[in-house]
Amino acid sequence: MERLANLSRFKKVCPFLGRTQTQTLRSLSSLSSPRYPALSQLTETATKCPIMGAALQMRSSQMVAGYASVAAQADVQKIHHSKGIFPGDNISDADIAKCPHASAARAAARMAEDLAAATIAKTVNPVAEKATAGGCPFHKATAAAPGVVVDNGVHQAAPGESTTGSFEYDQFYAAELEKKHKDQSYRYFNNINRLAKKFPVAHTVNVKDEVEVWCANDYLGMGNNPIVIETMHRTLDKYGAGAGGTRNIAGNSAMHLGLEKELASLHRKPAALVFSSCYVANDATLSTLGAKLPGLVYFSDASNHASMIQGIRHSGAKKVIFKHNDMEDLESKLKMWPRDTPKIIAFESVYSMCGSIGPIKDICDLAKKYGALTFLDEVHAVGLYGPRGAGVAEHLDFEAHQRAGSDPEAIQDSVVDRVDMITGTLGKAYGTVGGYVAGSRDLIDMIRSYAPGFIFTTSLPPAIVAGARASIIYQKHHIGDRALKQFNVRKVKERLAALDIPVIPGPSHIIPVLVGDAGLAKAASDKLLHEHSIYVQAINYPTVAVGEERLRITVTPRHTAEQIDGLVAAVDTVFKELDINRISHWAKLGGRANVGVGKDNVEPIWTESQINTAGMPQTLHDGQAALLNTAAVEVVRKEFEILLGSVEPSNKRKAEATLFTGAVKLAAEALPRHSRVYAPVGSLEVPVSAQVPVAA
């Protein structure tokens with residue numbers, strides 16, 4: 001309600017404005033009133049004035065009355081649908097927030113309520129007013145306590161206020177949420193229930209209403225991989241549901257130790273430590289190091305994940321932010337500090353919202369030059385890059401790691417070897433939950449000994465830990481899933497580009513489709529879901545910058561050619577209906593988020609030859625079963641034999657295995673040199689089949 005640019009001309013009229021500095025006015029106008037959160041502190045002050053108070057009340061009443069004028073029901077419904085808003089029968093606060101008219105009306109009503117309460121709270125008896133008159137020719141602040149009405153000498157609480165003068169917590173919460181609605185950063189949570197036997201299909205709140213999921217981080221479908229589920233069932237049957245306590249109180253099982261050994265081997269590091277999530281792993285590790293290393297300075301990439309930002313903030317250490325992936329900027333800031341000052345460069349391999357990849361080699365070079373440690377977050381890369389799925393650092397020395405196989409020893413001077421700390425997740429490509437950090441034995445032992453986020457939290461359940469380890473082992477011995485995923489990613493990017501649909505260019509598996517407006521991004525997501533049964537979540541501020549809002553599409557090896565056709569057609573239709581800018585439009589506007597600036601042809605990090613090590617993968621078709629690598633399945637079962645025992649095949653499987661063995665002998669010469677055996681995904685109690693081009 002107040003505009004500082006217009007206040008200066010009233011300074012001669014109003015004594016308050018005349019004697020108050022512009023800086024103070026700016027502060028009062030930007031801070032919410034603690035007692036009336038819908039008002040700024042300047043507006044609350046204005047309610048004390050008989051001139052401005054009355055004017056504010058009148059204007060507020062006009063706003064509420066204006067929003068009370070509603071068109072016919074059909075017209076309202078048309079407006080809703082045009083904006084991609086489909087309210088249900090039972091209207092909740094979240095539903096109201098979806099409607100621009102209703103949410104604005106609610107905001108106006110809340111402001112009117114606060115104005116009324118503030119005005120009443122400042123009413124005093126004539127004696128008090130006379131006793132305190134002076135200064136302002138119109139009014140003087142009363143001597144009565146704030147928020148109290150004096151009526152015949154009896155103090156009464158103003159509407160909406162506590163008789164004890166307590167802070168209005170619910171009112172504060174509502175005002176904070178209103179801020180989110182106003183800047184369109186409020187997060188909506190769709191009810192999506194992924195179906196294990198129909199991946200990548202899910203049902204919504206209605207179990208009969210099925211949609212295709214195109215934004216999940218279960219990148220490879222390992223959340224429903226039969227060997228993962230089998231291992232979890234067997235562990236659950238033997239060890240029960242919960243861990244029983246923290247890691248040092250009954251929660252440190254052979255399953256946990258086995259997983260940490262597996263993770264250390266995956267990254268060819270001496271040790272690893274498992275956390276309840278990678279958010280916790282990043283926060284705990286960075287905050288502990290910052291608190292313990294004397295005078296530590298963090299150098300943090302500007303696009304780092306919130307978990308890293310919070311960990312650095314919690315550490316209390318000094319933080320220097322360098323421009324995203326800008327090595328010149330990083331070096332200019334590193335050279336400002338003495339070489340003997342402890343330093344850590346914190347960055348990511350795959351940046352999940354834009355799809356860029358960190359220059360790991362170059363950062364390691366700078367770290368060596370200036371005496372810094374490196375902290376690499378591989379959350380969106382583990383399971384997806386490298387011959388064994390260890391991430392981008394492994395992928396950069398693809399052939400060397402392929403030759404080394406399962407050897408846990410470090411490959412000297414490899415990129416992985418040069419990175420000091422690697423964190424990752426078990427909740428994305430590996431399909432379960434949890435996070436970890438891998439590094440030197442002393443580093444891991446120090447984090448284990450000092451990090452509250454590890455020490456004081458209940459350990460992950462044994463079944464979860466076993467499932468995560470099974471997933472890692474399977475992917476270490478099976479490159480086919482990640483190769484087929486990359487093949488499908490290329491196909492979708494090419495199809496979208498052919499329709500002038502703006503995909504933010506990047507070398508990774510992330511497909512960020514630029515929309516450039518928060519309201520349009522939400523509307524596009526809603527239309528895809530409600531009109532095309534395609535679930536793609538809108539990504540808005542603060543996850544991405546204002547004006548760079550997007551739809552983030554993730555493709556899996558289990559999406560079929562027909563589903564890809566449907567996705568591309570649906571996105572094209574929604575762009576037409578909502579008149580969303582395409583590549584050519586962004587080019588005319590000078591570009592945004594690297595779209596329309598001639599940077600569209602970014603070379604993928606997976607080369608053709610690397611993809612083809614999986615045996616020329618081909619996209620699945622509807623009705624075609626995805627295949628399971630039975631050799632990798634047997635490796636997983638073998639690793640768990642000591643704790644869970646062997647898996648005895650049924651009589652049916654024994655007979656089928658005998659028949660299949662004979663068939664393989666007859667056809668052995670026709671099989672490719674690196675032949676593997678596969679079974680359809682969905683059950684391990686099925687006939688196995690020879691390798692086919694669908695997966696490797």
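**The contact between H22 and H28**

On the H22 side, Arg469, Ala470, Ile473 and Tyr474 meet Ala632, Val633, Val635, Val636 and Glu639 of H28, where contact means heavy atoms within 4.5 Å. By class, this contact of H22 with H28 has seven nonpolar, two charged and no polar residues. Ala, Val, Leu, Ile, Met, Phe, Trp, Tyr, Cys and Pro count as nonpolar, Asp, Glu, Lys and Arg as charged, and the others, Gly among them, as polar.

This is a predicted model, in which local features need pLDDT of at least 70, side-chain atom pairs count only at pLDDT 80 or more, and totals for chains, interfaces and linings use all residues. Residues are numbered from 1 along each chain as its sequence is written, and side-chain values use heavy atoms, with hydrogens and water left out.

Two packed helices are described by the angle between their axes and the distance between the axes. Helix H22 covers residues 462-476 and helix H28 residues 630-639; they pack at about 140°, with their axes 9 Å apart. Helices (H or I, at least four residues) are DSSP runs, numbered from the N terminus. Axes are lines fitted to C-alpha atoms, for helices over the stretch in contact, and angles run from 0 to 180 degrees between N-to-C directions. H22 and H28 are therefore oblique to each other; angles under 35 degrees count as roughly parallel, over 145 as roughly antiparallel, 65 to 115 as roughly perpendicular and the rest as oblique. The crossing of H22 past H28 is right-handed, that is, the near helix is turned clockwise from the far one by less than a right angle.

For the protein, pLDDT (the predictor's confidence in each residue, from 0 to 100) averages 84, and 77% of the residues score at least 70.

How values were computed
Helix = DSSP H or I, 4+ residues; strand = E, 2+ residues; numbered from the N terminus.
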